[in-house]
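Me: I'd like to learn how to read a protein model step by step. Could you take me through some features and show me how each one looks in a real case?

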Amino acid sequence: QVQLVESGGGLVQPGGSLRLSCAASGSISNDNVMGWYRQAPGPQRELVATMTSGGNTNVADSVKGRFTISRDNAKSTVYLQMNSLKPEDTAVYYCKWIGEVYKIRRQYWGQGTQVTVSS
């Protein structure tokens, strides 16, 4: 089992910045992928950015140049620095962990944190 605890969401004006954090705990394998997805009102959850434990990243075109993903493997924590925020970035942001737990590939989601960009 893997637990994910997210923090850092909130209300910010357009052009502002926020930093999200997600700390993983439990039966964590060293080789894993952590990242962020978001869901605006509606059924679709979309990729924002992911990062492997080896440092490879996958970043959505819509946030390239504005959002930066990073991680601290020693702390099993992934971060999302969000700059130049736009109203269309408003969504619930979910942390995701993918890796092996007792040699079985699994994925876990955090509870989500609300990001609202509004003047």
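Me: Let's start with Y102: is Y102 buried or exposed?

Reply: Keep in mind that this is a predicted model. To judge a residue, look at its relative accessible area: over 50% is called exposed. Y102 has 69% relative accessibility, so it counts as exposed. You will find Y102 in the loop between strand 9 (91-101) and strand 10 (104-109).

Me: Now the inside. Which residues have the most contacts within the largest nonpolar core?

Reply: Here is the general idea: in soluble globular proteins, nonpolar side chains tend to be buried together. In this model the largest nonpolar core has 28 residues, and L4, W36, L80, M82 and Y93 have the most contacts inside it. Among the elements that give two or more residues to this core are strand 1 (2-7), strand 3 (18-26), strand 8 (77-82) and strand 11 (113-117). Strand 9 gives the most, with 5 residues.

Me: What does L80 touch, leaving aside its neighbours within four places in sequence?

Reply: With those neighbours left out, the contacts of L80 include W36 and Y93, and also L18, L20, V48, F67 and I69.

Me: How many cavities of 30 Å³ or more does the structure hold?

Reply: The general idea first: rolling a probe the size of a water molecule over the atoms shows where empty space is left. The structure has 1 cavity of 30 Å³ or more, and the space in the largest cavity is about 30 Å³. Its lining is made up of V33, M34, G35, Y37, T50, K96 and I98. Strand 4 and strand 9 each give two or more residues to that lining, with the largest share, 4 residues, coming from strand 4. By type, the lining has 4 nonpolar, 2 polar and 1 charged.

Me: Back to accessibility. Is S53 buried or exposed?

Reply: The cut-off for buried is under 20%. S53 has 19% relative accessibility, so S53 counts as buried. This residue sits in the loop between strand 5 and strand 6. Beyond its neighbours within four places in sequence, S53 is in contact with N30, D31, N32, R71 and N73.

Me: One last residue, please. What joins the side chains of T116 and Q114?

Reply: Those two side chains are joined by a polar contact of 3.3 Å. T116 is in strand 11 and is partly exposed, with a relative accessible area of 25%. Leaving aside neighbours within four places in sequence, T116 is in contact with G10, L11, V12 and T90. T116 and V92 are 24 residues apart along the chain, with 8.4 Å between their C-alpha atoms.

Methods:
Residues are numbered from 1 along each chain as its sequence is written. This is a predicted model: local features need pLDDT of at least 70, side-chain atom pairs count only at pLDDT 80 or more; totals for chains, interfaces and linings use all residues. Side-chain values use heavy atoms; hydrogens and water are left out. Buried means under 20% relative accessible area, exposed over 50%, partly exposed in between (1.4 Å probe, protein chains only). A nonpolar core is a set of buried Ala, Val, Leu, Ile, Met, Phe, Trp, Tyr and Cys residues joined through side-chain atoms within 4.5 Å. Contact means heavy atoms within 4.5 Å. On a 1 Å grid over the protein atoms alone, a cavity is a set of points where a 1.4 Å probe fits but cannot get out, and a pocket is an open set with protein on both sides within 12 Å along at least five of seven lines; lining residues have an atom within 4 Å of a point. Grid points are joined across faces, edges and corners, and a volume is the space filled by probe spheres set on the points. Ala, Val, Leu, Ile, Met, Phe, Trp, Tyr, Cys and Pro count as nonpolar, Asp, Glu, Lys and Arg as charged, and the others, Gly among them, as polar. A polar contact is a pair of N or O atoms within 3.5 Å; within protein, one must be able to donate a hydrogen and the other to accept it, and residues adjacent in sequence count only if both atoms are side-chain atoms.
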